[in-house]
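Here are my notes on the model you sent over. Have it open while you go through the points.

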Amino acid sequence: MEQVIANGFYLGAQYALIALGLTLIFALMNVLNFAHGQMYVLGGFITYTVYGQLGLPFVVALLASGLTLAIIGALMEKFLFRTVIRRSLREESTMLLAAATAFFLDAIILLLFGEKQRGVPKIVKGVFNEGGIILPYDRLVVGALALIFIAAFVLYMQYSRVGRAMRALAQDRVAAQLMGVKVDRYSMIGFAMGAMLAGIVGGLLVTITGVNSGIGGPISIKAFLMVMIGGAGVVGGAIAGGFILGMMESVGLTVLREYGDVTYLVIFAALMVFLSIRPNGLMGKPWG
Amino acid sequence: MINRRSTLKSMVLGAVSVFAMTAAGMLSAQAQNKELKIGFVGVTSGPAAAWGTSNVRSMQTRAAWINETGGVKIGDATYNVNIVTFDDQKDPKRAIAGMEKMAQEGIHYVVGPNVDDGAAAVRPVAEANGIIYFPYAFPKALYQKPASNAVLGMIANYQSGPAIYKYLKENKGVKTIAFVAANESDPLSQRDGGVEAAKALGLEVVAQNDTYQNDTRDFTPVLTPIVALKPDLLVLSGVAPANAPLLIRAARELGFEGLISTETAQDAKVLEEGAGEYANGFISVGGASTPEIASDAMKEFVARYTKMFGEYNDESNTKVYALEYILETLKANPAAINDVAEFKKTMDTFSAPNPYLKGDAKLSYVGTTSFGQKRQLAVPMVVNEYKDGAFQTLFVGTVD
């Protein structure tokens with residue numbers, strides 16, 4: 001059972017980091033970014049190219065992933081989402097735009113990086129094997145990095161000027177604007193940060209799970225699941241959602257294994273019941 | 001007056017004229033060729049894109065090679081081969097739309113679909129429109145009477161599985177076996193076939209209900225309970241190339257020391273990048289490109305594929321054959337070019353040299369034992385073992 005719990009925590013840390021960027025963009029702009037998974041995939045492929053193919057240090061690759069995705073995110077916000085939000089009278093327009101962006105990125109990634117699964121050399125070799133728990137060291141490193149990124153993100157949002165401005169935007173966009181917060185600027189920064197997080201986590205996880213051009217959609221769905229559990233637009237909720245999903249998956253795959261692949265059936269059924277009781281998720285409202 | 005300058009000028013003009021006339025001649029010869037459209041309906045996007053992409057690229061490589069060397073002569077006419085493609089996105093509804101598109105284009109020979117449900121879904125369209133299709137899907141009903149238009153393009157798991165398990169039982173002392181499969185129709189049916197074959201061989205099946213979502217990225221939770229059972233052999237039933245290295249790596253990191261195998265084709269580069277040395281000893285089914293058995297034609301095919309698409313995919317070893325069979329069968333009976341009934345007649349007696357294997361291997365249609373009629377391509381059952389970035393041939397079998 002120790003192994004099952006360790007697996008759950010590790011998966012949870014991964015998932016929480018994936019969900020953070022998605023929830024940030026939703027909180028700031030009320031945009032369900034269906035392209036989040038594709039951004040993750042692109043981040044993975046950039047790290048694959050820089051670290052795996054060019055042989056540059058992993059940290060450089062991770063920075064390249066984060067920076068590239070931040071730029072892409074900023075451009076997407078400025079030229080696509082901002083325009084649509086300004087001109088459209090219907091909220092669904094941003095969802096359609098996000099879905100179209102996801103398909104577009106899928107096609108671009110397939111063209112640029114091909115159809116094959118890609119992987120990179122392990123960043124740390126060896127396996128921790130004590131007290132009934134087996135965890136490869138690279139997973140421990142990635143898990144620790146994920147926790148550090150989560151903590152840094154939360155602290156940044158809590159105490160920095162930019163973070164405060166973004167929280168104000170998330171709470172009440174109009175009030176924040178009236179108080180002098182530059183909505184366009186902080187929306188762009190927020191979108192860029194969300195995309196950057198997707199890129200960084202894609203870069204981190206390519207060392208463990210590799211990457212292929214077709215996984216963007218499933219990653220997005222899982223990220224939405226976590227955000228729905230925790231409460232859309234709430235950072236703490238995304239983190240909680242990630243850990244809950246990771247633990248449910250790990251326990252379910254062990255306890256329910258004799259019944260075939262019912263783990264996700266149970267998770268989805270539980271989510272339906274949960275949302276009917278708490279439609280806003282665990283934490284239910286944007287940053288207070 | 002003839003000087004050096006005018007001599008040079010004349011030589012250059014002469015050379016250009018000869019080149020132009022040769023090029024014009026070649027172009028007009030190519031232009032005189034008729035067009036033979038061969039269809040492809042399969043998955044070239046999404047998580048399973050690797051299956052269909054390696055499939056269609058094999059066809060495109062071979063078609064370009066044929067066209068470059070003057071086309072293919074069928075009866076009295078010479079044809080350039082044109083591959084018409086359709087991405088079914090692994091969706092049976094889209095596979096039907098793809099097959100309907102092929103029918104509208106007057107195509108009679110289609111390679112694909114790549115998965116069970118797609119292959120089953122297109123059957124009525126193919127039969128109604130006189131299309132022979134070559135799925136990479138294993139349900140026997142597709143190939144047994146009354147069905148007659150589908151021809152299995154590769155070795156089925158119920159043919160390779162028993163051979164692999166028997167080999168490992170006799171040569172590696174395997175006694176216990178565990179199965180893990182994605183929760184999709186192909187892998188699950190392959191798992192069921194594998195379990196049946198293992199039991200028939202007297203192996204003890206210690207796990208057979210463990211499944212995973214095909215989009216799983218971290219397989220540690222899936223494999224933790226299976227590894228604890230310490231089977232001698234872990235079978236990754238119907239595993240997608242994207243998932244194979246992740247499963248292997250997770251199993252080895254959890255301390256699994258037994259053998260790992262699958263009955264699907266894999267790519268050495270993907271295994272190397274995703275699992276590294278953990279993949280050493282992994283057993284899978286291949287085609288014809290391992291050095292021990294590949295002919296010069298196979299080597300040229302690999303070189304042309306690599307030049308055309310930047311990187312070879314070892315899965316193409318099993319997918320190089322379908323187009324070759326179509327063209328060779330049409331050459332044997334030119335009346336079949338627009339009449340699939342003629343094609344079916346020819347299948348019973350067809351035989352031609354296999355250009356991709358060393359020695360005197362033959363192309364022919366088989367399947368009598370498995371399907372009661374010849375509805376399978378006789379591709380070699382090459383069982384490979386991965387070692388340090390490349391496949392080595394473990395053994396070669398045949399089906400009848």
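1. Chain B holds 14 helices and 16 strands, counted as DSSP runs numbered from the N terminus (H or I, at least four residues, for helices; E, at least two, for strands). Its radius of gyration is 23 Å, close to the 21 Å from the globule rule for 400 residues, so chain B is as compact as a globular protein of that length. That radius is taken over C-alpha atoms, and the rule is 2.2 Å times the number of residues to the power 0.38.

2. Before going on: this is a predicted model, where local features need pLDDT of at least 70 and side-chain atom pairs pLDDT 80 or more, while totals for chains, interfaces and linings use all residues. Residues are numbered from 1 along each chain as its sequence is written, with chains lettered from A and ligands numbered from 1 in the order written.

3. Chain B splits into domain 1 (34-154 + 291-380) and domain 2 (157-264), with bounds from an automatic or database domain assignment. The C-alpha centres of these two domains of chain B are 29 Å apart.

4. Where they meet, 11 residues of domain 1 of chain B are in contact with 12 of domain 2 of chain B (C-beta atoms, placed from the backbone, within 7 Å).

5. Now the two chains: 32 residues from chain A and 33 from chain B make up the contact. On the chain A side, helix H1 (2-29), strand E2 (133-136), helix H8 (183-209) and helix H10 (235-255) each supply at least two residues.
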